[in-house]
Amino acid sequence: MRYMRVSKIEPPAGKRRRKAWPSLRNALLASIAISTFSSKLVFAQSANAQAAQGNSAQATPPIETASSPSTSTHLNDIIVTGTRQGGQRARDSATPIVIISGTALRATGQVDLRAALEQLSPQISQPGYVPNGGGLKDTISVNGFNPNEVLVLVNGKRRHPSANVTATGGSQQGATGVDLDMIPVSAIDHIEILQAGDSAQYGADAIAGVINIILKSSDHGGSFDTTLGQFYAGDGFSRDVTGNVGTSLGSNGFLNLSTEYSGHDHTARTYYDSRDNLFDVRDPNEFSVNRESFEFNAGYWVNDNFEMYGFGTYAHRTGSQFEDPRLPAQLPAVYPDGFTPQQTVSEDDWSLTAGVKGHHLLGWDWDLSSTYGSDTDNIGIFESANIGLYDATGATPTNFHLYQLTSTQWTNNLDLTRSFSVPVLPAPLNISFGGEDRHEFYSLGAGDVDSYIDGGSQAAPGLNPLSAGSHSRNVLAGYLDLATKLTPKWKVDAAGRFEHYTDVGDTTVGKLSTRYDFNRYVAVRGSFGTGFDAPSLAQEYLTTITVTPTTSAGVPIEDASGLLAANSAAARSIGAVPLKPEQSTNFDLGFVFNPLPNFNLTVDAYQIDIRDRIVTGGTASGSAALNALVEAGFTLTPQLEGGVLSTSYFTNGANTRTRGLNVQGSYLEDLQSHGLINWTLAGNVNDTEITHIGKNANGSRSLNAQQIAWLTTATPKYRAIVGANWQLDKWALAVHENLYGPTTNQLTYATGPNAFSTTKFVPFTEGFKATTDIALHYQPTRHLQLTVGANNLFNTYPDKVPLVAQYLGVPYDFSSSQIGYFGGFYYVNARYVF
């Protein structure tokens, strides 16, 4: 039986330094449209040869599967996250960390980084779909927390957040977070996920964990990838083309370049509309998108002690999303057959980092860097109309510019590290300290005049000048980290951090982590830390409104739901008070088991308490909502005044306690002449309870039953990924089962006397779900890999909500569904490596 490493195919002898890209024609011919869902297939030496390397898990062949990011091979990888000490392996970490390779990301068959991570790690999640503008970006949750509570780094440097805010209700409401899809997957070497809060090292907002994206740094070779796929129903066609190439910069440097084009079409699903008895409601929670992205990573050693480095990304994205349909009676002169508006985004996102680092500066290792990142979103809508303007003037545009959002972040860092020999300690004392200066900027630009006057454009009125503006703040921080061993088997790490925000004041946070190795098979680890998450500028200053159509006695009317800036006079009129920072306390306790050479298992329990958690709350309806919306600058048409009006704002609405358990394990089995099979398990149990509900300035409870459910029960109580990856010669078969626990939500009534009530809701439980992913991989030559695969093989759909909660016939709940509701997805891929 012969094995070879598929994921790192070697070029022919004499061409190892080849820098030229193959012609596009050859790459496309090689792409034949067959895909890579399989994992990073690694065909190693024989199992007997590996066993001879030593009786430990280190001898396990480096097999990676799409659902097993923590194989023993990765446990031996050197990590840079969760520690300031150089040369530390993942298996020796005092805090739980998971490593996911870039090949495993590609192997999922997903064209978006967020979707690939969600398929690989049970701790990462996002609702099945996010309606309105929030669906035009991809942020992630870790252990059910808001994306704003997860810190994302690229090569260890802070990544800027998206400007686009998720304004629609649900567990992600208020999220800006980092849009992961603006980074080409082809640029990623691996991702390190720190599953515990680490505000003391990285920043006070790292409450739920840290995701560190490590870019490729190869100075030779490259690859082309093409992936094509669609849903079983024959819609939602997706395509993805990527390229990566590495070249040397003289004899002391490297330049690695990546590019990606990704596209996804609308689905063709329609739902029953009781208003006209037709199946003409296009799905409002699914969007089409086209994205082009580029990345570079470079480094140059001037001498043995001094390196210059830089990396950056640029991405442009356009997308559109269906809104709810309007009946012909609403504007028959312009749209005699009715109309379905589509909200659009044109987005430019870029980031650039430049730095210098070196060794032996008075005995210290040092790193000085500057990172500037920006995201600008132009939001529009077409196939819409301003009915109030038409009634007043006899004319209306059909395309509108609604608003522009811009978020920028400029971060400067200085880090120093040195080890000192201390006679009473069995290992050196590692001392690290540094500082950070960060400038954050957020602006909201008003839309076209016609988009907000006389009631504004249908579905999504534009931002008026009263709610527009530019806002900024500065953050200064300093940290100190001490790490050593108190005994040969007992490791400790203590860190503290001070941060000053010009808008919300000062904070000091800390962390203590420790690990004790009983022997080479069993270890225990734990940590205690505090965190601090300042309200984002978007949460403080964003004002928006969503308009949905309905009827009353057969007459078209509209309902409106507004989100008011927390510090605005309009929000204060319904009880808002200025936002305070969130504060957190987290505990972690875990065990590491390596009882057999090819078997490893980690079990880590955690508890995270958050005080003054920022959520949407203070919901007002009726005349109070009407007055607040008018004060915020919105003009309401008779159709709006005849409908149900509600509005809310971001508030420090609750204290929560989240308890959970993360499990990671893998076992490599040698089937002799029948190949190798890698069995994997990754699981998460997660439960959040509210320990206190705040009150607004009017003395009312900040949260209603629906908002409580979004915090506590709308995400799965448990999730697991069980996988097997079989490999023999040029063939491999990967099968992975995804298990999702039930969720419970409080749904809004869509019909009846309680329609659109903000106090009475429809209880709904989404039952246990299981989906199967499968892929068959074949390598016909040393340079070409082909795969055909399916995600959600058996075409599983979410449960349908009660009829009284089905707005315009859409039968699914987007905010509590564990899986998407478009069914099975199949794809093909070809990968050419040179």
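Me: To begin with the term I need: strands are DSSP runs of E, at least two residues long and numbered from the N terminus. Where is Leu362 found, then?

Reply: In this predicted model, Leu362 is found in the loop that joins strand 15 (342-361) to strand 16 (364-382).

Me: And is Leu362 buried or exposed?

Reply: Leu362 is exposed, because its relative accessible area is 77% and the cut-off for exposed is over 50%.

Me: What about the phi of Leu362?

Reply: Phi of Leu362 is near 55 degrees, which is a positive value in a residue other than glycine.

Me: Why does Asn792 count as buried?

Reply: Asn792 counts as buried because its relative accessibility is 10%, and buried means under 20%. Leu362, by contrast, is exposed at 77%.

Me: Changing topic: which strand does Ser141 lie in?

Reply: Ser141 lies in strand 3, which covers residues 141-142. Ser141 is buried, with a relative accessible area of 3%.

Me: Which residue has its backbone oxygen 2.8 Å from the side chain of Ser141?

Reply: That residue is Phe145: its backbone oxygen lies 2.8 Å from a polar atom of the Ser141 side chain.

Me: Which residues does Ser141 touch, leaving out those up to four places away in sequence?

Reply: With those left out, Ser141 touches Gln123, Ile124, Ser125, Pro147 and Gln172.

Me: Now helix 5. How many of its residues are buried?

Reply: Helix 5 spans residues 113-120 and is mostly covered, with 8 of its 8 residues buried. The buried residues of helix 5 include Arg114 and Glu118, together with Leu113, Leu117 and Leu120. Ala115, Ala116 and Gln119 are also among them.

Me: Let me step back to the chain. How many helices and strands does it have?

Reply: The chain has 13 helices and 35 strands. Of its 834 residues, 62% are buried.

Me: Last one: among contacts between residues at least 6 apart in sequence, what share joins residues at least 24 apart?

Reply: Among those contacts, 72% join residues at least 24 apart in sequence.

Technical notes. Residues numbered from 1 in each chain as written. Predicted model: local features only at pLDDT ≥ 70, side-chain atom pairs only at ≥ 80, totals over all residues. Heavy atoms only, no water. Helix = DSSP H or I, 4+ residues; strand = E, 2+ residues; numbered from the N terminus. Buried < 20%, exposed > 50% of the residue type's maximum accessible area, 1.4 Å probe, protein only. Polar contact = N/O pair within 3.5 Å; in protein donor to acceptor, adjacent residues only side chain to side chain. Contact = heavy atoms within 4.5 Å.
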